[in-house]
Amino acid sequence: MTDFLTITEVGDYIGRDLSADDGAVLAVSMACDTVRALTEQDFTPTVGETVTLDGTGTDTLLLPQVPVTAAGTVTMDGTLIDTGDYAATANGHLVRTDGTAWSIGRQNIDITYDYGYAGTVPDDVKMVALSIAYRLVTQGGAISETVGQVSRRYATASTDLTAGEKAILRKYRQAR
């Protein structure tokens with residue numbers, strides 16, 4: 001999966017060239033992976049993803065990735081549903097528009113759809129990833145360090161998120 005943060009962006013934030021630093025390259029990748037794991041979102045544009053969901057007996061299904069940019073084919077219990085009988089919203093709802101409900105069942109609805117942020121991910125998400133990468137590069141695994149007479153204690157471990165970072169990422173996690 002493509003990282004949505006670059007080594008150049010982290011280097012610009014820190015104030016030095018990190019392009020030859022393998023650890024920094026890894027930190028960028030790990031920061032993006034951490035954000036994806038905590039939000040359960042990919043963020044990068046994806047076309048033609050197929051998911052299989054449980055039918056709910058309601059008129060709405062919740063798609064796992066947002067924002068939804070297009071709904072493709074939908075089959076329910078092996079039968080293709082007419083494209084005029086459903087609509088997708090950007091916030092991940094697949095709604096029956098013909099007055100019926102999705103049938104109840106386990107793994108009985110297949111949906112092909114497009115999702116992701118065209119161009120760039122939201123700035124606040126990118127800032128959280130940048131902050132994680134920054135901490136990984138500048139403090140590594142240390143909580144504190146001493147060099148000669150100078151001691152430094154970090155506010156948080158490099159892999160721990162602050163309350164503010166968690167609040168930002170919570171906005172992007174799909175409610176289930």
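## Helix packing, sheets and local backbone features

Apart from its neighbours within four places in sequence, Gln139 contacts Tyr154, Thr156, Ala157 and Ser158, contact meaning heavy atoms within 4.5 Å. The residue belongs to helix H3; helices (H or I, at least four residues) and strands (E, at least two) are DSSP runs, numbered from the N terminus. Gln139 counts as buried because its relative accessibility is 8%, where buried means under 20% relative accessible area, exposed over 50% and partly exposed in between, for a 1.4 Å probe and protein chains only.

The model is predicted, so local features need pLDDT of at least 70 and side-chain atom pairs count only at pLDDT 80 or more, whereas totals for chains, interfaces and linings use all residues. Residues are numbered from 1 along each chain as its sequence is written, and side-chain values use heavy atoms, with hydrogens and water left out.

**Packing against H3**

Helix H3 (residues 123-139) and helix H1 (residues 7-14) have axes that come within 10 Å and cross at roughly 70 degrees. Axes are lines fitted to C-alpha atoms, for helices over the stretch in contact, and angles run from 0 to 180 degrees between N-to-C directions. H1 and H3 are therefore roughly perpendicular to each other; angles under 35 degrees count as roughly parallel, over 145 as roughly antiparallel, 65 to 115 as roughly perpendicular and the rest as oblique. The crossing of H1 with H3 is right-handed, a crossing being left-handed if the near helix is turned anticlockwise from the far one by less than a right angle, and right-handed if clockwise. On the H1 side, Glu9, Val10, Tyr13 and Ile14 take part; they meet Lys126, Met127, Leu130, Ala133, Tyr134, Val137 and Thr138 of H3. The residues of this contact comprise 8 nonpolar, 1 polar and 2 charged. In this division Ala, Val, Leu, Ile, Met, Phe, Trp, Tyr, Cys and Pro count as nonpolar, Asp, Glu, Lys and Arg as charged, and the others, Gly among them, as polar.

Helix H2 also packs on H3: their axes come within 8 Å and cross at roughly 140 degrees. That angle makes H2 oblique to H3. The crossing of H2 with H3 is right-handed. From H2, the contact draws on Ala24, Ala27, Val28, Met30, Ala31, Thr34 and Val35, and from H3 on Val125, Val128, Ala129, Ile132, Ala133, Leu136 and Val137. Of the residues in the contact of H2 with H3, 13 are nonpolar, 1 is polar and none is charged.

**Sheets**

Four strands form an open sheet in the order S1-S7-S3-S4, with antiparallel pairing; two strands pair if DSSP finds at least two bridges between them. S1 and strand S4 (79-80) are the edges, each with a single partner strand, so one side of each has no neighbour in the sheet. S3 and S4 run antiparallel and are joined by 2 bridges. Met76 has Thr79 in S4 as its bridge partner.

A further open sheet has 3 strands in the order S2-S6-S5, again paired antiparallel. Its edge strands, S2 and strand S5 (86-88), each pair on one side only. On average, neighbouring strands of this sheet are turned by 20 degrees against each other, direction ignored. Strand S6 (residues 93-96) runs antiparallel to S5, and 3 bridges join the two. Ala87 stands opposite Val95 in S6.

**Backbone features in loops**

Most residues other than glycine have a negative phi, and most peptide bonds are trans. The table lists departures from these patterns.

| Site | Feature | Value |
|---|---|---|
| Glu40 | positive phi, not a glycine | about 60 degrees |
| Phe43 | positive phi, not a glycine | near 75 degrees |
| Val66 and Pro67 | cis peptide bond | omega about -10 degrees |

Glu40 lies in the loop between helix H2 (22-39) and strand S1 (46-55), and Phe43 is likewise placed in the loop between H2 and S1. Glu40 is partly exposed because its relative accessible area is 31%, whereas Phe43, at 1% relative accessibility, counts as buried. Pro67 occupies the loop between strand S2 (60-62) and strand S3 (68-76).

Thr159 is located in the loop between strand S9 (150-153) and helix H4 (163-170). Its relative accessibility of 56% is why Thr159 counts as exposed. The C-alpha atoms of Thr159 and Leu136 are 7.2 Å apart, with 23 residues separating the two along the chain.
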